[in-house]
Amino acid sequence: MRIINENPNGKVLGYICYTDDELSERAYHQLMAFECDSIYVDKEFVSVESLEELKKILSKIKNGDSVLIFGLASLSPTDALRIIELIENSGATALTFALL
């Protein structure tokens, strides 16, 4: 099931921020079902600035891309909002999901 992007030239990227391997794997499979163009996974959280995969995704985002995010509920509201702001300030639409 492909997520429909508002921009036909935009990519759909997946981002996971879970420290638990089982939750990361479940989120990965859900993002695969959404047919993401690329999926980035951070399994260790110290601070938003320490998230290496988030840095990679931010460097690749283009205007009109969508980023599907799993794992923000496990972070503080301040950190979760900071991640969303970084993604949206890079020109992408941030969509957050919870595991089913």
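The model is predicted, so local features need pLDDT of at least 70 and side-chain atom pairs count only at pLDDT 80 or more, while totals for chains, interfaces and linings use all residues. Residues are numbered from 1 along each chain as its sequence is written, and side-chain values use heavy atoms, with hydrogens and water left out.

**Exercise 1. Find which residues of helix α1 are buried, and what they pack against.**

Step 1. Start with the helix itself: α1 covers residues 21-33, and its 13 residues reach 19 Å from first C-alpha to last, close to the 18 Å expected at 1.5 Å a residue. (Helices, H or I of at least four residues, and strands, E of at least two, are DSSP runs numbered from the N terminus; the expected span is 1.5 Å times one less than the number of residues.)

Step 2. Now sort by accessibility, where buried means under 20% relative accessible area, exposed over 50% and partly exposed in between, with a 1.4 Å probe and protein chains only. Ser24, Ala27, Gln30 and Leu31 are the buried residues of α1. They share one side of α1 because they cover an arc of only 125° around the axis, taken from the directions from the axis to the C-beta atoms.

Step 3. Look across the helix: Asp21, Glu22 and Glu25 are exposed on the other side.

Step 4. Finally, the packing partners of the buried residues are β1 (12-17), β2 (38-42) and β3 (66-70), with contact meaning heavy atoms within 4.5 Å.

**Exercise 2. Describe what lies at the start of α1 and what follows the helix.**

Step 1. For background, most residues other than glycine have a negative phi.

**Exercise 3. List the salt bridges and say where their residues lie.**

Step 1. Apply the rule: a side-chain nitrogen of Lys or Arg within 4 Å of a carboxyl oxygen of Asp or Glu. The count comes to three.

Step 2. Aspartate 21 pairs with lysine 43 at 3.6 Å. Aspartate 21 is in α1 and lysine 43 in the loop between β2 and α2 (52-60), so this pair ties together parts 22 residues apart in sequence.

Step 3. Lysine 55 meets glutamate 52 at 3.2 Å, and lysine 56 meets glutamate 53 at 2.9 Å. Lysine 55 and glutamate 52 are three residues apart in α2, about one helical turn; lysine 56 and glutamate 53 are likewise three residues apart in that helix.

**Exercise 4. Which backbone nitrogens lie by the side chain of aspartate 42?**

Step 1. Aspartate 42, in strand β2, is buried yet has no salt bridge. The nearest side chain of opposite charge, lysine 56, is 8.0 Å away; Lys and Arg count as positive and Asp and Glu as negative, with His and the chain ends not counted.

Step 2. The backbone nitrogen of glutamate 53 lies 3.0 Å from a polar atom of the aspartate 42 side chain, and that of leucine 54 lies 3.1 Å from one.

Terms used. Polar contact = N/O pair within 3.5 Å; in protein donor to acceptor, adjacent residues only side chain to side chain.
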